[in-house]
Every structure is written in structure tokens, then in C-alpha cells.
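The report below goes through ligand contacts, helix packing and local backbone features of one model. Please read it alongside the sequence and the coordinates.

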Amino acid sequence: ANDGYKLWLQYNHIQDKQIRTSYQSNIKRIIPFGNSETIKVALKELELGLNGMLGSKVLSGTKNNIESNSLMFGSESSLNEIVKNQLGNAFNEINDEGFVIKTISIKGKNQIIITGKNDVGVLYGVFKFLRLLQTHQSIENLNIIDAPKIKVRVLNHWDNLDRTVERGYAGFSIWDWHRLPDYIDSRYRDYARANASIGINGTVLNNVNANALILTPQYLEKVEALANVFRPYGIKVYLTTRFSAPIEIGGLETADPYDAEVIAWWKNKVKEIYSKIPDFGGFLVKANSEGQPGPQNYGRNHVDGANMLADALTPFGGVVMWRAFVYSEHDITDRAKQAYSEFVPYDGQFKDNVIIQVKNGAIDFQPREPFHPMFGTMPKTPLMMEFQITQEYLGQSTHTVFLPKLYEEVLQSDTYKKGKGSTVAKIIDGSLDNKVLTGIAGVSNIGNDINWTGNPMLQANWYGFGRLAWNPYLSSEEIADEWLRSTFSNDEKFVKPVKDMLLSSREAVVNYMTPLGLHHIMDTGHHYGPGPWVSDLSRPEWNPVYYHKADSLGVGFDRTPSGSNATAQYAPQVASKFNNLETCPEEDLLWFHHVSWDFKLKNGKTLWDGMALKYQEGVDQVASMISIWEEAKPYVDEERFSDVYMLLNIQHKEAKWWRDACLLYFQEFSQKSLPVGVEKST
Ligand code: GCU
């Protein structure tokens with residue numbers, strides 16, 4: 001049994017007879033309007049889902065013989081007047097990708113219509129409808145109107161052409177470059193189904209540390225084959241481009257964005273791509289960051305580089321996602337300040353089809369980071385969010401960490417850049433500064449493991465990313481609920497405790513790795529396990545000691561005006577909250593302050609005792625995750641149960657490793673004994 005392969009699209013037979021018969025009586029026939037590839041895909045999905053959940057084959061019909069209680073689906077242009085008249089002005093409330101699901105009446109009988117302005121909206125509506133059944137909700141008197149709030153909703157695959165995956169912990173890349181374009185792995189379709197089911201509408205196929213070869217005709221053929229598979233599912237393909245590609249595969253001597261030959265080379269390359277892939281999405285670029293080439297190699301800047309590519313893409317409607325993940329070895333006072341310093345001065349200078357992709361925090365995908373100070377600071381430039389779904393610094397695919405909790409925390413953070421209520425979500429969905437181009441990216445955790453993500457629980461992070469990309473205001477609790485029901489079971493005795501387990505798992509990892517605002521103390525290079533002592537790497541800002549700055553007086557990075565003054569990059573209200581020891585949230589304390597070991601925390605404990613107890617709390621939280629999972633056994637198939645169980649036990653062992661290693665190390669500075677309640681290392 002490979003239930004893990006089916007992700008959240010299990011479509012398990014509904015055992016509850018009352019629920020099942022109520023669904024059956026509402027769906028006697030399914031009737032597609034139209035026959036585009038997308039409508040065909042939607043029909044197939046409905047058949048798969050309904051046959052699975054209802055256990056009987058649902059008949060299909062045609063739009064000319066609407067008999068009793070049918071489920072009809074098709075885009076606006078395919079609807080007849082009787083149907084249209086009953087939809088009121090629902091179409092005015094949705095955008096191009098939105099949908100309407102409504103119970104209407106024809107010939108005195110209730111009918112369900114799923115529609116949208118375009119077929120892809122219909123497909124999203126179909127997946128929403130199936131989710132209602134998967135989560136055992138009523139389908140009587142439906143009236144659902146929904147549309148994505150963010151335009152570009154993409155996964156970033158850090159996949160290399162040799163199929164290794166940078167920071168990937170679920171096997172090798174699912175892109176079988178060797179056998180493409182002629183061999184189409186059925187997994188590509190399942191990947192597209194899964195993404196469409198949560199509204200993801202784009203995929204960047206290759207690593208941000210890019211290989212220029214992806215732009216050669218030989219590879220573009222393969223990319224085209226993938227784009228053809230994804231198209232019916234509303235998924236566009238994007239590529240990461242290496243800035244020096246004109247040299248590496250174009251035979252030019254330079255990649256200077258002011259050079260006429262370079263400009264022409266990119267224009268031709270883009271033309272070539274669109275001749276194969278007319279709906280190609282555009283480019284993602286990591287330039288002048290961690291050794292990647294970029295415009296600065298030629299004395300030019302980010303604007304010069306991004307705009308040159310944007311110009312080439314403009315005739316075809318493509319976009320440039322230009323990353324702000326930059327830091328340099330020349331200014332080492334505080335890495336957290338660098339992206340802001342480098343980008344904010346360019347506000348308003350980028351072309352309309354450029355969007356700046358900013359990581360959620362200013363360092364790098366830590367278990368907890370305060371929101372990136374760039375959010376809200378470039379009102380004339382679209383900024384998109386980059387979250388990491390793969391768990392580079394969070395126990396990789398071994399540790400169960402429910403990331404929607406982290407995403408929600410960031411999206412709900414108030415930047416105050418335009419006064420109270422200027423949340424990150426409002427910057428990302430464009431509402432704060434009236435942006436047309438909006439986007440969100442998630443660094444994928446997908447590989448060719450049978451269960452896709454290495455650990456079945458971490459499928460929830462792919463799912464949750466997609467759901468928040470669609471609607472950044474959803475709550476992590478709602479997401480956990482939906483995911484558990486569609487993936488495992490609707491039994492309350494399962495859902496409730498396991499939901500609590502998921503929702504607490506993020507704080508657990510913070511507690512046993514980096515409590516109270518500590519960060520980047522993972523062992524270096526692979527970033528797995530503790531390494532707060534590491535201090536011998538060639539670049540200072542790669543060393544954990546640079547981040548925690550522990551000494552005999554205390555611990556933490558002073559980012560207030562007495563230190564690096566990174567807090568000045570935030571709005572004054574936020575800066576003053578962070579600057580003041582009284583008001584700085586304790587969860588960010590050591591991110592912003594160097595604090596004495598005897599500092600009194602809100603609970604009356606000293607910093608040292610409080611820190612030690614947090615490490616212990618993290619260990620205890622993982623122990624209770626294990627007990628919850630043990631109780632969940634009757635509701636989960638054997639394979640997924642034991643996979644998760646083994647992984648949780650490793651997580652527990654490693655949580656203790658983190659606690660012991662960090663406390664032993666920091667104790668050298670604090671010279672204090674462990675408080676009561678903290679277990680001794682064994
Ligand atoms: C992190 C990660 C790198 C990655 C980089 C990036 O530093 O460790 O592997 O290339 O982020 O986002 O560009």
C-alpha cells in the first residue's frame with residue numbers, strides 16, 4: 001500500500017452511511033460543459049474522487065438532458081441562460097482564476113453548478129467541491145464564491161540537472177531530464193493534480209544556483225514537454241536563469257546588461273522559449289549572491305540586470321522574479337541589514353514585470369525570524385514572499401514541523417509601514433500599495449521518494465503553502481484540519497489530538513533548537529544538528545558564533561541602536577517595540593538584544609534558567625507528539641503510521657541532542673548550573 005503517494009487526494013470511501021447517501025442523492029449525474037483539456041482533467045478528477053468516496057459509479061450526462069440532481073461544471077461562456085440567470089452577479093466577484101459553486105434549481109430539482117470565468121477556475125472549484133466531501137461537509141444549498149488573492153503562486157524547485165536537489169531531503173529530483181522529452185512519467189500528472197488542487201499555478205523547475213544548460217535547445221525541449229503536461233492544470237513553467245548564460249552557452253565574452261549583443265542574445269533566447277512554450281511564465285534570478293554571477297560583475301546594479309531581462313520578456317507577458325537574498329563578505333557588521341540596504345534605494349526603478357522575491361526573514365529560513373524589514377519598505381515595487389517548504393534548518397525531512405504555523409505568523413506580522421494593520425499579507429496580496437503583480441514562492445520539499453516529501457507529515461507543508469498562497473489570511477488551524485481529514489481520517493478522535501500535535505510542532509522545534517530568538521546555530525554546511533561552537537569558517541557570517549555572540553556577560557545579537565541598529569529598518573513603532581527590553585517579544589529577545597545571563601524574564605526566571613527550561617520544553621513537546629501519534633494508530637495505515645513513528649522517535653533523540661549540546665556549550669559562558677526540571681544528558 002502506498003497511501004503516502006496519494007497525498008491529500010486519498011478519496012477514501014466514506015464509511016458513514018448517512019453522509020454518503022446525502023452526497024449520493026445530490027449527485028446523481030455529473031455533467032461537463034465544454035471539452036477543453038482542463039475540463040477533461042476536471043471530469044477525470046471528479047470521477048476518481050466521487051467513485052472513490054461514494055463507492056458507486058456516478059453517471060455522466062450531457063447538458064441537453066439535465067435530469068434530477070446533477071453536478072454541472074463549466075466556464076461562464078459554456079453556461080446556458082437558465083443557469084446564468086441563477087448566478088446573479090457572482091462573476092463580478094471573482095478574478096480570472098476564481099470559481100463559484102452554487103446550488104440552483106432546474107425543472108424543480110436542485111442542481112449544483114461549479115463555474116468560473118475560465119476553465120482553470122472551474123478546475124479549482126472542482127477540487128474545492130471534492131474537498132467538501134473529503135472533509136464531510138454539507139453540500140446542500142451551496143453558495144461559495146472564492147478566488148485567489150495572489151497572482152503568481154509558485155513552487156521553487158532547487159533541482160539540479162543531475163537530479164540532485166539542493167536542500168532536498170526526499171530523494172532525487174522528480175524531473176527525469178535523461179528520459180525527457182519522450183518519456184512522460186505519470187508522476188508529472190500527479191504532481192500537477194496535487195498542485196492544482198491547492199491552487200498553485202506555477203513551478204520554477206531548476207535550482208536558484210542555476211546551470212545555464214537549462215536554456216539550451218536540448219533542455220528547452222524537455223521543459224516544453226513538462227509545460228505541455230502541466231498546462232491543463234493551470235500550471236505555468238518558469239526557469240531560473242544564470243546571469244552569465246550568454247557567455248556559457250551563447251559564446252559571448254560578456255554578460256554585461258548594457259552590452260548590445262547580450263541584450264540581443266536574451267531577446268532571442270526568450271523568443272525561442274516562447275516559440276516552444278507560449279504561456280511560459282518567466283525567469284527567477286539569483287544574482288550577485290553567494291558567488292552567483294550578476295550585473296555587479298560588470299559594475300551595473302540589480303535594476304540594470306532585472307530590467308534587461310524584463311524587457312526581453314515584456315512582449316510575451318513574462319515576469320522576472322529577482323531575488324533579494326544577498327549579503328556580502330565585505331560588510332560584515334550585520335548580515336540582517338544587507339538586503340534592505342542593497343534594494344530599498346532602487347524602489348520605483350524596476351520595470352512593471354519585475355517582482356522582487358524576499359525571504360520571510362532577513363537571515364535565512366530559521367525556525368523563527370522576525371519578518372523581513374523590506375516588507376512595506378518599497379511601496380513602488382512589487383515584493384513577493386519566499387518561504388521555504390523544505391526544512392533546511394528545521395530537522396530536514398526527519399523532524400515533523402507544521403510550517404503553516406510559521407507562514408501564518410509571518411503573514412500576520414504588522415509592519416506598520418502605513419500605520420497599524422499594514423500586515424505582511426497585505427503587502428504580498430498587493431492590497432496595501434495597490435499592486436497588480438503579486439506573488440508568493442515556496443522552496444519545494446518534493447523529491448522522488450514514494451511519499452514525495454520524505455516524511456508523510458511534511459506533505460502538510462506543501463499543502464499549507466498552497467492554501468496560504470491562495471488566501472494568505474487562512475488560519476493554520478483550518479489548514480491542519482482540512483489536511484488531516486483529506487489525508488487520513490475524519491474521525492474526531494484522530495483529528496483533534498493530531499491537529500494539536502501539528503499546531504504545537506513548530507514551537508517545539510523553536511524550543512529545542514533556537515529558543516528566545518537564538519538563530520543560525522545549526523552545524524554549518526549541511527545545517528543539521530547543533531553547532532553553536534563553530535567559529536572557523538572563512539566568512540565570519542557563516543559561523544554560528546557570529547549570531548549568538550555568547551560571552552561571560554550574556555548572549556544575543558544587539559541589533560538595537562547600541563549595536564548594529566538593524567531595527568532602524570523597521571517602522572518606528574516596530575523598531576521601538578524591538579529596541580525596548582520591556583516590549584521586545586521574548587520569542588525574539590536574543591535576535592535583537594545581547595542580554596545578561598541574569599536578565600529576568602516575564603515568568604520571573606533568569607535568562608539562563610529560562611533558556612534551559614525552553615530547551616527542555618522542546619524535548620517534552622516531542623515526547624507528547626509521540627504519545628499522540630501512538631493513540632492515532634487505529635486511524636492510519638500501517639506504513640504511514642510506522643514511518644511517522646520512527647521519524648518522531650529520531651526527532652525526540654535529536655531534540656535531546658540539541659538540548660544537551662547547546663546547554664553544555666552556553667554553560668561555558670554562563671557558568672551556571674542547570675535549573676530543576678532540566679533532564680541531565682545521558
Ligand atoms: C541558503 C541555502 C543555499 C541556497 C541559498 C539561497 O543559504 O543554504 O543552499 O542556495 O539559501 O536561497 O539562495
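A polar contact is a pair of N or O atoms within 3.5 Å; within protein, one of the two must be able to donate a hydrogen and the other to accept it, and residues adjacent in sequence count only if both atoms are side-chain atoms. The model is predicted, with local features needing pLDDT of at least 70 and side-chain atom pairs counting only at pLDDT 80 or more, while totals for chains, interfaces and linings use all residues. Residues are numbered from 1 along each chain as its sequence is written, and side-chain values use heavy atoms, with hydrogens and water left out.

**Ligand surroundings**

| Side chain | Ligand atom | Distance |
|---|---|---|
| Glu166 | oxygen | 2.4 Å |
| Arg323 | oxygen | 2.6 Å |
| Glu290 | oxygen | 3.1 Å |

**Helix packing**

Two packed helices are described by the angle between their axes and the distance between the axes. Here the axes are lines fitted to C-alpha atoms, for helices over the stretch in contact, and the angles run from 0 to 180 degrees between N-to-C directions. Helices (H or I, at least four residues) and strands (E, at least two) are DSSP runs numbered from the N terminus. Angles under 35 degrees count as roughly parallel, over 145 as roughly antiparallel, 65 to 115 as roughly perpendicular and the rest as oblique.

Helix H8 (residues 260-276) packs against helix H9 (residues 302-313) at an angle of about 40°, and their axes are 8 Å apart, which makes H8 oblique to H9. On the H8 side the contact (heavy atoms within 4.5 Å) is made by Val262, Ile263, Trp266, Lys267, Val270 and Tyr274, and on the H9 side by Met308, Leu309, Asp311, Ala312 and Leu313. Sorted by class, these are nine nonpolar, no polar and two charged residues, where Ala, Val, Leu, Ile, Met, Phe, Trp, Tyr, Cys and Pro count as nonpolar, Asp, Glu, Lys and Arg as charged, and the others, Gly among them, as polar.

Helix H4 (residues 119-134) and H5 pack at about 80° with their axes 9 Å apart, so H4 is roughly perpendicular to H5. Leu123, Tyr124, Phe127 and Arg131 of H4 make this contact with Arg193, Ala196 and Ser197 of H5, and the classes are four nonpolar, one polar and two charged.

For helix H13 (residues 459-470) and helix H14 (residues 476-487), the axes come within 10 Å and cross at roughly 130°, which makes H13 oblique to H14. H13 passes H14 in a right-handed crossing. In H13, the residues Gln459, Ala460, Tyr463, Gly464, Arg467 and Leu468 meet Ile479, Glu482, Trp483 and Thr487 in H14, and this contact divides into five nonpolar, three polar and two charged residues.

**Backbone features and a loop residue**

Most residues other than glycine have a negative phi, and most peptide bonds are trans. The peptide bond from Leu180 to Pro181, however, is cis, with omega near 5°, and Pro181 is found in the loop between strand S7 (152-156) and helix H5 (186-197). Asn288 has a positive phi of about 50° although it is not a glycine, and this residue is found in the loop between strand S10 (282-285) and H9.

Asp558 lies in the loop between strand S15 (554-555) and helix H17 (572-579). Its side chain makes a polar contact with the side chain of Thr560 (2.6 Å), and a polar atom of the Asp558 side chain lies 3.3 Å from the backbone nitrogen of Gly563.

Note on methods: Left-handed = near helix turned anticlockwise from the far one by under 90°.
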